[in-house]
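Subject: Structure for your review

Dear colleague,

Please find the structure below, followed by an account of what was found in it.

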Amino acid sequence: MILWHKLLVTLLALSAYGGLCWHSWRQYRRHNPAVSVGAGELLVAYASQSGTAQALAEQVCGALAPGARAQPLSQLADGSLAAAKRAVFVVSTYGDGEAPDNGQRFERRWLKGQPPRLDHLQIAVLALGDSSYPDYCAFGRRLELGLQALGAGLWQPRLELDAALTGGQQAVDSAVVHKWLQTLAGAGVAMPVLRAVGSSAPETRWTLIAREHLNSQSESPGLFRLRFAPDESSALAWRAGDIAELWPRNSAAQCRQFLDALAERGVLDDEGAQLIPELQSRQLPAVASLNIDVAESICQNSDCYSPQAPCIEGKPVSDWVLSLPRLGKREYSIASIPETGHLDIVLRQRQDKDGRLGLASGWLCNALVLGESVELRVRNNRQFHLAHGKSPLILIGSGSGLAGLWSHLLDRRRQGQRENWLIFGERHPEHDAVYRDDIMELQRAGFLPKLDRVFSQCPSRPAYVQAVLSAEAETLKSWVAEGASILVCGSRQGMGAAVDETLRALLGNGVVDLLGMHGRYLRDVY
């Protein structure tokens, strides 16, 4: 009798879960109808992970089709492309040449599936990327080639925008985009001036006020929490899920070693120390590989300040230093909310096989001293903002990914939202139980009723976060049926990929795609 009762309860739960998924789909379609444009109209769609491509697509749409609305690729129905005659795609590339999360469903359908022909369609692709990575603009290129293979013609050849050209500080050259749009629109059609697209806040000064080694007894690489206070209180403005952008610096000791190596080749004297502040923000090349000219008969550059002035790569030393590429920015999930009065980040200290510390992590975890200021900018990470703040929340992450989850937990506490389930993984239970006291305090206050901490190197029960999902499959489905959103933050290749695969196995591709389209499945993975 008990067995039949349990079976009946399970069947009723599954029925309710399926009914809710169908109801959610109908509600979503009612309030978010699939894009459908009439013949001759223009379609503008985007795939964006950080928000830059979305912001640019919205401007492109306003310039070419005032009154229309740019749509994420994940929301495009088959009828949209069937009805449109022209389409502009603004897409970024994510990870190792992947589509952003809101472009993956489109890629599975149109580039890997068996979609209908698009012989009627003219396309233009605006691809965003960073040429310092091997798969530069890979998704934009796949998209253009894939749609052409389906018969689409080129309205205009692909435009690629390279963030690396400006050190990663500004991904969009507005003048180049304006010229491209003018070509699309045709001569005589006035194009509005595009606003700069990039981070949503200016750089501000922040002072390091605390640094905590979270796993100081661990054999694993160090995990650190850094706390910054703003020089201006107006800088305390961001949302849970946003990103802190920092520009790392070479330590003064590294720069002195670099200058000593130049001095050994007869380039510098004691006055070289004045170059240290500039060298701290530049990429330092291997001195042995440099073309250094010292003799008068060799150094003929007219810009040399004296006949005997040494030159590096044909330039006076000070000019050569200014020509070195600037260090690119680093991005970190913000682990606090403005109401705390400070900005926290959590990062793993990187170290190569020779024991050398990573440039950014070595600077932040070691060289940067308490009381020293840094330039920091907050980036609006709209793809990791909760759209359903009053619904239950499932938070999944590992390692430094706790940062992006923690800001949401703090914000949930601020709003009085108690239905939170944290699934978090680290390495060893004795030495890597980071944020232990903070998590216990959140539990005592009633804002973390369900917690699963797993450790991959636990002597008795080693496990990863995806194992929790499998073991708690029925609970997961129940929370999702009750409207829960799912946040994932941390390693993209390991944890992020495994969690996505597990969710799709347990809930089905259709449900996971629907959650993503409805803003209930959000990822900040790196």
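Helices (H or I, at least four residues) and strands (E, at least two) are DSSP runs, numbered from the N terminus. Just after one of these helices, H14, Gly483 adopts a positive phi of about 100 degrees.

This is a predicted model, in which local features need pLDDT of at least 70 and side-chain atom pairs count only at pLDDT 80 or more, while totals for chains, interfaces and linings use all residues. Residues are numbered from 1 along each chain as its sequence is written, and side-chain values use heavy atoms, with hydrogens and water left out.

Confidence

pLDDT is the predictor's confidence in each residue, from 0 to 100. The protein chain has a mean pLDDT of 87, and 86% of its residues reach 70 or more. Two stretches call for caution. Over residues 167-171 pLDDT stays under 50, and the model has 15 contacts (heavy atoms within 4.5 Å) beyond four places in sequence for them. Over residues 296-300 pLDDT also stays under 50, with seven contacts beyond four places in sequence. Where pLDDT is low, the predicted coordinates should not be read in detail.

The sheets

Two strands are taken to pair if DSSP finds at least two bridges between them. Six strands form an open sheet in the order S12-S8-S14-S6-S7-S13, with antiparallel pairing. Its edge strands are S12 and S13 (343-348), each of which pairs on one side only. From one strand to the next, the twist averages 40 degrees; axes are lines fitted to C-alpha atoms, for helices over the stretch in contact, and angles run from 0 to 180 degrees between N-to-C directions.

Within this sheet, S8 (residues 243-246) is joined by four bridges to S12 (residues 330-333) and by four bridges to S14 (residues 373-379), antiparallel in each case. Ala244 stands opposite Tyr332 in S12 and opposite Val378 in S14, while Ile243 has Arg379 of S14 as its bridge partner. Ile243 and Glu245 point one way from S8, Ala244 and Leu246 point the other way, and all are buried (under 20% relative accessible area, with exposed over 50% and partly exposed in between; 1.4 Å probe, protein chains only). Helix H10 (residues 359-367) lies across S6, S7, S8, S12, S13 and S14, and runs at about 125 degrees to S13.

A second open sheet has three strands in the order S9-S10-S11, with antiparallel pairing. Its edge strands, S9 (292-293) and S11 (315-316), each pair on one side only. S9 and S10 (residues 311-312) are paired over two bridges, and Ile292 has Ile312 in S10 as its bridge partner.

In H14 (residues 473-481), the buried residues include Ala473, Leu476, Lys477, Trp479 and Val480. They lie on the same side of H14 because they cover an arc of only 160 degrees around the axis, the arc being that of the directions from the helix axis to the C-beta atoms.

Ala497 is partly exposed, with a relative accessible area of 36%, whereas Thr502 counts as buried at 13% relative accessibility. The C-alpha atoms of Ala497 and Gln466 are separated by 9.8 Å, the two residues being 31 residues apart along the chain. Gln466 is also in contact with Thr502, as are Leu469 and Ser470, leaving aside the neighbours of Thr502 within four places in sequence.

Yours sincerely
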